[in-house]
Amino acid sequence: MTTLDREQARRIAVRAQLLDAYRPESLVATVDHLTLLQVDPTAAIAPNVDLVAWSRLGSTYDHSDLRFAVEEERSLVEHSSFIRPMDDIGLVLATAPDRMHPSGYAWIEANARFRDDVIGLLAAEGPLTAAEIPDTAQVPWQSSGWTNDKNVDRMLELLCRTGEVAISGRRGKLRTWDVPHRVYPADLEVPSYDEARALLDARRLTSLGIARTTSKVMGEEIGAAGLGEPVEIDGVAGDWRADPDALAAAEEPFEPRTALLSPYDRLVYDRDRALALFDFEYVLEMYKPAAKRRWGYFALPILHGDRLVGKLDAKADRKHGVLRVFAVHEDFPWDPEIGDAVDAEIDALAAWLGMEVVRS
């Protein structure tokens with residue numbers, strides 16, 4: 001079994017997530033390698049999909065690139081809560097049971113006429129937003145959360161997961177829905193569950209570089225799923241697996257850079273992994289009362305080289321055209337080189353947003 005020190009393990013993870021000095025050639029190439037971008041509406045600085053893309057591509061990235069890839073080129077697709085490569089959609093549909101609770105299937109069956117109404121209307125008039133689709137549910141969706149009684153939204157989401165409707169794009173912030181044959185490729189192939197699951201698991205491990213054998217967040221597998229080569233990491237407990245190609249490249253020179261990351265960035269999304277490899281503690285604090293926050297409402301993790309070194313508490317004030325920097329939290333005392341590199345990255349973020357930096 002290969003033994004790695006923590007620096008080697010961190011560098012494998014950073015390089016796999018396209019956060020070393022190498023810059024991918026395009027948004028589509030970025031998403032193809034990362035396998036997904038999580039869609040989240042929080043835009044304290046910028047939406048997650050844009051922050052993740054900018055942190056890889058830099059100033060060359062523009063949100064219009066995403067819209068073009070999803071709505072015109074159809075090289076990317078929004079499915080459920082993720083932007084994915086269109087080439088992966090068959091794999092995603094084949095593994096729908098992983099994203100469907102039995103109660104979801106039962107609710108669709110109990111609302112067979114409602115389901116047919118939705119699909120028939122989209123076939124005749126799509127693309128449509130959820131607000132343009134009548135609610136003809138026989139059995140309301142019941143939940144203790146925000147989806148309670150939101151029957152149209154829930155039916156569309158569940159039918160998207162099963163492959164019976166598709167997200168065709170956005171009208172402003174609202175998703176537009178259509179029938180799949182007008183969104184997905186005409187020659188779409190949906191493999192067997194086992195084949196698709198194995199391919200998606202392998203692609204995820206390639207994007208992570210190194211991960212625990214299995215690890216889940218909110219029911220989503222974010223570990224190696226038993227794939228890859230077993231490795232030991234000095235001073236780090238647990239069963240770890242590494243992507244074979246990433247492991248083979250571990251001795252190659254590592255070219256560092258500094259990056260500001262979204263809280264949903266897959267380098268830090270597995271908080272236990274971030275703590276084990278990077279000694280980086282992080283909690284997304286926007287759900288906490290302001291008085292109980294340590295780092296800020298939507299603090300951005302800061303990467304410098306192969307270390308996560310702190311958090312940026314900032315907010316985009318679009319009305320006044322400024323990026324307000326409330327605090328830069330150092331996880332340990334920084335030397336001037338780190339401070340200068342972080343300041344330069346904050347300036348780059350503001351420039352990309354078309355704003356001026358205002359520091360509190």
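Author: Helices (H or I, at least four residues) and strands (E, at least two) are DSSP runs, numbered from the N terminus. This is a predicted model, in which local features need pLDDT of at least 70, side-chain atom pairs count only at pLDDT 80 or more, and totals for chains, interfaces and linings use all residues. Residues are numbered from 1 along each chain as its sequence is written, and side-chain values use heavy atoms, with hydrogens and water left out.

Reader: Thanks! Where is Pro127 found?

Author: Pro127 sits in the loop between α7 (112-125) and α8 (151-162). Most peptide bonds are trans.

Reader: How many helices and strands does the protein chain have?

Author: The chain has twelve helices and 16 strands.

Reader: What makes the protein chain as compact as a globular protein of that length?

Author: The globule rule is 2.2 Å times the number of residues to the power 0.38, and the radius of gyration is taken over C-alpha atoms. For 360 residues the rule gives 21 Å, and the chain's radius of gyration is 21 Å, close to that value, so the chain is as compact as a globular protein of that length.

Reader: Why is Ser80 called buried?

Author: Buried means under 20% relative accessible area, exposed over 50%, and partly exposed in between (1.4 Å probe, protein chains only). Ser80 has a relative accessible area of 9%, so Ser80 is buried. Ser80 lies in the loop between β3 (76-79) and β4 (82-85), and its phi is positive, near 55 degrees.

Reader: And what makes Asp279 exposed?

Author: Its relative accessible area is 56%, so Asp279 counts as exposed. Asp279 also has a positive phi, about 55 degrees, although it is not a glycine. Its place is the loop between α11 (271-278) and β13 (300-304).

Reader: Which residues touch the most other members of the largest nonpolar core?

Author: A nonpolar core is a set of buried Ala, Val, Leu, Ile, Met, Phe, Trp, Tyr and Cys residues joined through side-chain atoms within 4.5 Å. In the largest one, of 73 residues, Ile210, Leu267, Leu312 and Leu349 touch the most other members. A second, separate core has 22 residues, including Leu128, Met155, Leu158 and Val165.

Reader: What does Leu312 touch, not counting residues up to four places away in sequence?

Author: Contact means heavy atoms within 4.5 Å. Among the residues that Leu312 touches beyond those places are Leu260, Phe298, Val325, Ile346 and Leu349.
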